[in-house]
Amino acid sequence: MNVLKNITNTKIEDKKPLLEMVNIRKTFGKVIALQNEDFRIYPGEIVGLVGDNGAGKSTLIKIITGVVRQDRGEIYWKGKNISKHSVEQSRMLGIETVYQDRALGEKQKIWRNIFMGREITFSKTGFIQLRKSEQRTKELINEMGFTRDLDTDMSISGLSGGEKQGVAIARALYFDADLIILDEPTNNLSITETDKVLNFIKGIKDKGKSCIFITHNIYHVYPVADRIVIVDRGKVVGDFQKKNISMDYLIKELQSIAAKGEID
Amino acid sequence: MKTVIKKYVKRSVLQLSIFAVVVIMFLIFIILSPETFLSYNIYYAFMSTIPFTAILAISITFIIILGEIDLSFASVVGLCAFIYALVFKYVGNVYIGLICSLLVGAIAGFLNGLFVLKVRIPSLIITLGMSFFWRGLVYIISGGIGLSLVNTKPSVWYKLLVGRIAGVIPAQAVWLVLITIFFAVILNYHRFGNHILFAGDNIESARMMGINVDRVKFTCFTQLGIVSALVGMISSSEIVYVYPTAGSGYLLRVLAAVFIGGTSVYGGRGTIFGTLMGAIIIGSLEAGILSAGVEGFWIEFVYGIVIVVSLTLYSYLTRAGILRKLI
């Protein structure tokens, strides 16, 4: 732990963690998805969460968002224990997630997707403020800078992969979340679209927000991350400040982890 | 102004086309038998009969948008109508009958939700089973003998159910209008309607975005039970008698109305207006065919054609991406 502290950016060390997970364990039947692991992220920090398929990355974020409940362990948000939170509560706290399958309703309009589960309503009556919702969506679309003019009334199924990802990210940005989790956001995207997504992530940092960027593509995560956490078969096996390591070192590290897995 | 209209047309292309179909259909009826379709009587008849299927169809539209189905509602209509009559017979108060009827309807609907969501039986199968169960229960309790509702006639509630406003507008038509507006507003402009659309479209996404999918489904199954009770009371009050078979003719007509109205059986897509139009088509075809001088044997055949043609059309439109882009 001391070693970790030494290489931690002093500026960040002064701050309290935004999110802290302690001793998290989760099993699915006989499969151990996470073995008593710790994880933390500081305000304004971009953490790259790297690992193979089935390493436990998705389980980790699903526990953060409240989709999956951990068997054991505590979760703290800004120092407050939130170990038994629901998805709705995590969104209220300021945790937004862009899921790998983007979690969009394909047949629904763009504006409905943006506010899915958190509609803009007239006070407590639950009636949706249609005009305001569409207006906000239009602003978001403009802000995101899509390559073509998207109508807020279009349904998601009419969009390209990159545009869908854009809508999912716009949704996460809209709610002004403190922590944005992106699960494989660059999967199945063209090079230009990938560049755009990486720019959005840099934008998140500029706004002082934190971001967990999950990927197995080290070339995408290295340029934008402050810290890189490697997960392997349910364990955190590496935690590096980017400024202390080179991309080549990281790749070698990943290769040795993979090789070790094959020997085991 | 022009762009607003254009946007509105684009948004509502499906509703406008099905509305056009209804208009064309009635024009054909008028041309074929002007003496019938230019008189008020036929529309009076429609207003007293169409609401039964239309109200049920509107209510079940929510469940079909959710990607679920309920085949038990026709039996629940019979059950609740019977409970209404039975309680009235023994207690002599329509309001206690009314409350019992609605309560039984709500319980029947909630039970469907319980079996689908907690016991995890697909809705198609469990509601088929419940359909036999409720109908069978009515047969056992009634001994196959119906009950008269003649003594409910003096009550205010009877007039609210099936009275005639100014002697020319059946009360059930007013019920239909109110229910149509209520369901359409909920589906399009309320948070709950949004949750129905997303839960039907992509249930996992809805869950991950914090929508309480189970609660939405429970509510939808329960409301259909309550609405079935209401229709049971309306339809049996109209004929002032409850047959043990009450409601059994509604199942296929109601489902046909929903699908003609463009609601997708895959979930996530559907409109209340479309369902209303579907119910009007189903409810007026029979009279149209008969008054055109065609023999009654043709009715089911024409239903078949209308249903098959409309489903083919929707399927084509969906695959061609036309619907996908527009609605």
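Which domains does the domain assignment of chain A give? In this predicted model, the assignment gives domain 1, made of 1–94 + 182–264, and domain 2, made of 104–176.

**Figure 1. Overall view of chain A.** Chain A contains 10 helices and 10 strands. Its C-alpha atoms occupy a box of roughly 55 × 40 × 40 Å along the principal axes. A compact globule of 264 residues would have a radius of gyration near 18 Å, and the 19 Å of chain A therefore agrees with that expectation. Of the 264 residues in chain A, 41% are buried. Among contacts in chain A with a separation of 6 or more, 68% are between residues 24 or more positions apart.

**Figure 2. The contact between domain 1 and domain 2 of chain A.** The C-alpha centres of domain 1 and domain 2 of chain A are 27 Å apart. Domain 1 of chain A brings 9 residues to the contact, and domain 2 of chain A brings 5 residues. On the side of domain 1 that touches domain 2, helix 8 of chain A provides the largest share, with 4 residues. By class, that side of domain 1 of chain A consists of 4 nonpolar, 2 polar and 3 charged residues.

**Figure 3. The open sheet of 4 strands in chain A.** The strands of this sheet follow the order 2-1-4-5, and their pairing is antiparallel. Strand 2 (31–41) and strand 5 (80–81) of chain A each have a single partner strand, so one side of each is left without a neighbour in the sheet. Strand 4 (residues 72–77) of chain A is joined to strand 5 of chain A by 2 bridges, and these two strands run antiparallel. Within this pairing, Trp77(A) has Lys80(A) in strand 5 of chain A as its bridge partner.

**Figure 4. The open sheet of 6 strands in chain A.** Here the order is 6-7-8-3-9-10, with mixed pairing. Strand 6 (95–98) and strand 10 (235–241) of chain A form the edges, each pairing on one side only. From one strand to the next, the twist averages 15 degrees. Strands of a sheet pair through backbone hydrogen bonds, in either a parallel or an antiparallel sense.

**Figure 5. Strand 6 of chain A and the helices that lie across the sheet.** Strand 6 of chain A runs parallel to strand 7 (residues 179–183) of chain A, and 4 bridges join the two. Val98(A) is placed opposite Leu182(A) of strand 7 of chain A. Helix 7 (residues 161–174) of chain A lies across strand 6 and strand 7 of chain A, at about 175 degrees to strand 6 of chain A. Helix 8 (residues 191–206) of chain A lies across strand 3 (46–50), strand 7 and strand 8 (210–215) of chain A. The angle of helix 8 to strand 8 of chain A is about 155 degrees.

**Figure 6. Strand 9 of chain A and its two neighbours.** Strand 9 (residues 227–232) of chain A is mostly covered, with 5 of its 6 residues buried. Strand 3 of chain A runs parallel to strand 9 of chain A and is joined to it by 4 bridges. In this pair, Leu49(A) stands opposite Val229(A) of strand 9 of chain A. Strand 10 of chain A pairs with strand 9 of chain A in the antiparallel sense over 6 bridges, and Val236(A) in strand 10 of chain A is the bridge partner of Val231(A). Strand 9 and strand 10 of chain A form a hairpin with 2 residues between them. Arg233(A), in the turn of this hairpin, has a positive phi of about 40 degrees.

**Figure 7. The packing of helix 9 and helix 14 of chain B.** The axes of helix 9 (residues 171–189) and helix 14 (residues 272–291) of chain B come within 9 Å, crossing at roughly 145 degrees. Helix 9 of chain B makes the contact through Thr180(B), Phe183(B), Ala184(B) and Leu187(B), and helix 14 of chain B through Ile272(B), Phe273(B) and Leu276(B). The contact has 6 nonpolar residues and 1 polar residue, and no charged residues.

**Figure 8. The side of chain B that touches chain A.** In this interface, 20 residues of chain B are in contact with 24 residues of chain A. Helix 10 (191–201), helix 11 (203–208) and helix 16 (322–326) of chain B each supply at least two residues of the side that touches chain A. Helix 10 of chain B gives the most, with 6 residues. By class, this side of chain B comprises 8 nonpolar, 6 polar and 6 charged residues.

Key. Residues are numbered from 1 along each chain as its sequence is written. Chains are lettered from A and ligands numbered from 1 in the order in which they are written. This is a predicted model: local features need pLDDT of at least 70, side-chain atom pairs count only at pLDDT 80 or more; totals for chains, interfaces and linings use all residues. Two residues are in contact if their C-beta atoms, placed from the backbone, lie within 7 Å. Ala, Val, Leu, Ile, Met, Phe, Trp, Tyr, Cys and Pro count as nonpolar, Asp, Glu, Lys and Arg as charged, and the others, Gly among them, as polar. Two strands pair if DSSP finds at least two bridges between them. Axes are lines fitted to C-alpha atoms, for helices over the stretch in contact, and angles run from 0 to 180 degrees between N-to-C directions. A residue is buried if 20 or more other C-beta atoms lie within 10 Å of its own, exposed if 12 or fewer, and partly exposed in between; C-beta atoms are placed from the backbone. Domain bounds come from an automatic or database domain assignment. The radius of gyration is taken over C-alpha atoms; the globule rule is 2.2 Å times the number of residues to the power 0.38.
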